[in-house]
Amino acid sequence: MATLLSAEQETNPWLAAEVRFDEAADRLNLDDGMCKVLRSPTKEIIVHIPVQLDDGRIEVFTGYRVQHSIARGPGKGGIRFGPDVTLDEVRALASWMTWKCAVVNIPFGGAKGGVICDPHLLSDGELERITRRYTAEIIEFLGPERDVPAPDVNTNERVMAWIMDTYSMHHRHTVTAVVTGKPVEMGGSLGRREATGRGCMFVTREALAKLGMSLKGARVAVQGFGNVGSVASDLMAKEGAIIVAVSDKSGAVHNPRGLDIPDMLKWVKEHRQLAGYPKAEPISKEALLTVECDVLVPAATENVITRKNAPQIKAKIICEGANGPTTAAADEILEKKGIFVIPDILANAGGVTVSYFEWVQDRGGYFWDEDTVNRRLESIMVRAFNEVAATTEKYKVNTRIASYIVAVDRVAAMHRLRGMYA
Ligand code: NAD
């Protein structure tokens, strides 16, 4: 099926999610009715948000919230702001969240939200008014027991604080657990900022061990030097890995003997970009994906590994820090090459796992130290990795399909046990 997708379809997120779901459902022999239930989002909300701009004009922005599944618990998923947000994209990301939460076995469903706007053209005041009105428009569908948003592309802990405040003002009491990814001062969790990169480090360590290698001395290339990529690079380097190349939007650098990650973090903090970093060889951003290395960590954006460049990839392991970095057509090529792919729904699930910890801490009103957060994260990531590895062997499938099998099976089991409400 994957090879039958046209070049344009190859990068459609909804089709990409469907291809993987269909294959897992097929292996699990799910009946048609269950497939229909699991494929359809539970709820899709579209709102048109009137907001007064700083110059007095009124603009109307369109926002979405899609709850793909709430079978295993409240919807969980980020809210993104961007000029090209589409309902199809939000729908696909919501379904990915369902599978991601199920693969690490945390009690959430999947959801995602988005507002069509260009945050770079808006003032802080305008962004705050958009956020608050969007929250107010969908408020009856949110809540610690219903749907718990988090940051995503172009939203951050400041935006989460506005959502939490708006929700709390409507409910006449403080409800910290309505969002995760909040500032630590207002109920956020220690370790949340590093959680996704840390999770990538844990699963990469486990995958290397399967190949008889260790992080110590492993050569790693990382695409993206933002939250996920920079933390993953830093933590892997601390475990003895040699980070041979990193890139961001501005460019890529390479040093086969290893980059000095703490020094690069300082450079990026000061210059806000990698380009111009003086102590390494500049290479093209595309070349980063095909450098000689043991582990490739795409941690930037979607659809970067396609049928065009997959044949040239030299890594033994790909750890998908980003969501959807590999197309379904590329999957087949990577599988034939024997590359061990740690798929996004497993590799970057560290973020949602610590979001789950944040929700637990908020609801319990009792906060954990950072060591406890990191230890519990490690235990969940390692357990999920082992469950996926065992499923790979049981069904003789690649790790991506195995992850979907684990996830789809768990959500289907919940539906069967709950039965059909009529
Ligand atoms: P971010 O905005 O902090 O960082 C993104 C990085 O990618 C930046 O360094 C940017 O310059 C770089 N980049 C963008 N386009 C690039 C390109 N074409 N080539 C090379 N670099 C490029 O974002 P983030 O939070 O690190 O998220 C990265 C990915 O991980 C996204 O797909 C996101 O959905 C996914 N993810 C993030 C989290 C999280 O907790 N932050 C959790 C799960 C998944």
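Tutor: Let us begin with a definition: a cavity is a set of grid points where a 1.4 Å probe fits but cannot get out, and its volume is the space filled by probe spheres set on those points. Please keep in mind that this is a predicted model.

Student: How many cavities of 30 Å³ or more does the structure hold, and how much space lies in the largest cavity?

Tutor: The structure holds one cavity of that size. The largest cavity contains about 60 Å³ of space.

Student: Which residues line the largest cavity, and which helix gives the most to the lining?

Tutor: The lining consists of Trp-14, Ala-17, Glu-18, Phe-21, Leu-38, Arg-39, His-68, Ser-95 and Trp-99. Helix α2 gives the most, with four residues, while α2 (13–27), α3 (32–39) and α4 (87–103) each supply at least two.

Student: What can be read from the faces of a strand?

Tutor: In a regular strand the side chains alternate between the two faces of the sheet. For strand β8 (residues 251–254), both faces are covered: Gly-251 and Val-253 are buried on one side, and Ala-252 and His-254 are buried on the other.

Student: Which strands pair with β8?

Tutor: Strand β7 (residues 242–248) pairs with β8 in the antiparallel sense over four bridges, and the two form a hairpin with two residues between them. Within this pairing, Asp-248 has Gly-251 as its bridge partner. Strand β9 (residues 281–283) also runs antiparallel to β8, joined by three bridges; there, Ile-283 is the bridge partner of Ala-252.

Student: Finally, how does the reach of helix α14 compare with the expected value, and what lies at its start?

Tutor: Helix α14 (residues 370–395) has 26 residues and reaches 37 Å from its first C-alpha to its last, close to the expected 38 Å. At its start, a side-chain oxygen of Asp-369 comes within 3.3 Å of the backbone nitrogen of Asp-371. After the helix comes Lys-396, with a positive phi near 55°.

Definitions and conventions:
Residues are numbered from 1 along each chain as its sequence is written. This is a predicted model: local features need pLDDT of at least 70, side-chain atom pairs count only at pLDDT 80 or more; totals for chains, interfaces and linings use all residues. Side-chain values use heavy atoms; hydrogens and water are left out. On a 1 Å grid over the protein atoms alone, a cavity is a set of points where a 1.4 Å probe fits but cannot get out, and a pocket is an open set with protein on both sides within 12 Å along at least five of seven lines; lining residues have an atom within 4 Å of a point. The expected span of a helix is 1.5 Å times one less than its number of residues. A polar contact is a pair of N or O atoms within 3.5 Å; within protein, one must be able to donate a hydrogen and the other to accept it, and residues adjacent in sequence count only if both atoms are side-chain atoms. Buried means under 20% relative accessible area, exposed over 50%, partly exposed in between (1.4 Å probe, protein chains only). Two strands pair if DSSP finds at least two bridges between them.
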